[in-house]
Amino acid sequence: MAEKLDVDETMDGYFGLCPTCHKTDGCLNVSREHWYICKEHKVKWCVGANLFSSWMYETREEQWLEQRKLGFHLFVEVEPFYPCEQQDIGTDEFEDAAEL
Ligand SMILES: [Zn+2]
């Protein structure tokens, strides 16, 4: 019973959209990271980690199966398109996540 994200909210572009078609097919959880994807153009972009609680309800197997089904490993990481200017998103905050 995976809960789908609100489509309006997703298509709103708050978390970015495919730079080519300005759409997204939604979010995929990879461990605790949230990746938005465009299936048509095979692109992905990470919007952060631990933002949504949805990942907690998925098992590693479920995530892995979903990723394999989509061919997620073939998706190319891109800079997403943002339809409206968002001044409060600082890229600095995301750099901390790279530290192990
Ligand atoms: Zn696209």
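Reader: How many of the 100 residues of the chain count as buried?

Author: 13% of them do, where buried means that 20 or more other C-beta atoms, placed from the backbone, lie within 10 Å of the residue's own. Keep in mind that this is a predicted model, in which local features need pLDDT of at least 70, side-chain atom pairs count only at pLDDT 80 or more, and totals for chains, interfaces and linings use all residues. Residues are numbered from 1 along each chain as its sequence is written.

Reader: OK, what does the chain average in pLDDT?

Author: First the idea: pLDDT is the predictor's confidence in each residue, from 0 to 100. Where it's low, the predicted coordinates should not be read in detail. Here the chain averages 81, and 73% of the residues score at least 70.

Reader: In what order do the elements run from the N terminus?

Author: Elements are DSSP runs numbered from the N terminus: helices are H or I with at least four residues, strands are E with at least two. This chain has three helices and four strands, in the order α-β-β-β-α-β-α.

Reader: Which way do E1 and E2 run, and how many bridges join them?

Author: They're antiparallel, with five bridges. Val30 has Glu33 in E2 as its bridge partner. The hairpin leaves two residues between the strands, and Ser31 takes a positive phi near 55° there.

Reader: And how many bridges join E2 to E3?

Author: Six, between E2 (residues 33–38) and E3 (residues 43–49), again antiparallel. Glu33 turns up here too, opposite Ala49 in E3. This hairpin has four residues between the strands, with Lys42 at a positive phi near 55°.

Reader: That leaves E3 and E4: parallel or antiparallel?

Author: Parallel, over two bridges. Val43 stands opposite Val76 in E4.

Reader: What share of the contacts comes from residues 24 or more positions apart?

Author: A contact means C-beta atoms, placed from the backbone, within 7 Å. Counting contacts with a separation of 6 or more, 48% are between residues 24 or more positions apart.

Terms used
A residue is buried if 20 or more other C-beta atoms lie within 10 Å of its own, exposed if 12 or fewer, and partly exposed in between; C-beta atoms are placed from the backbone. Two residues are in contact if their C-beta atoms, placed from the backbone, lie within 7 Å. Two strands pair if DSSP finds at least two bridges between them.
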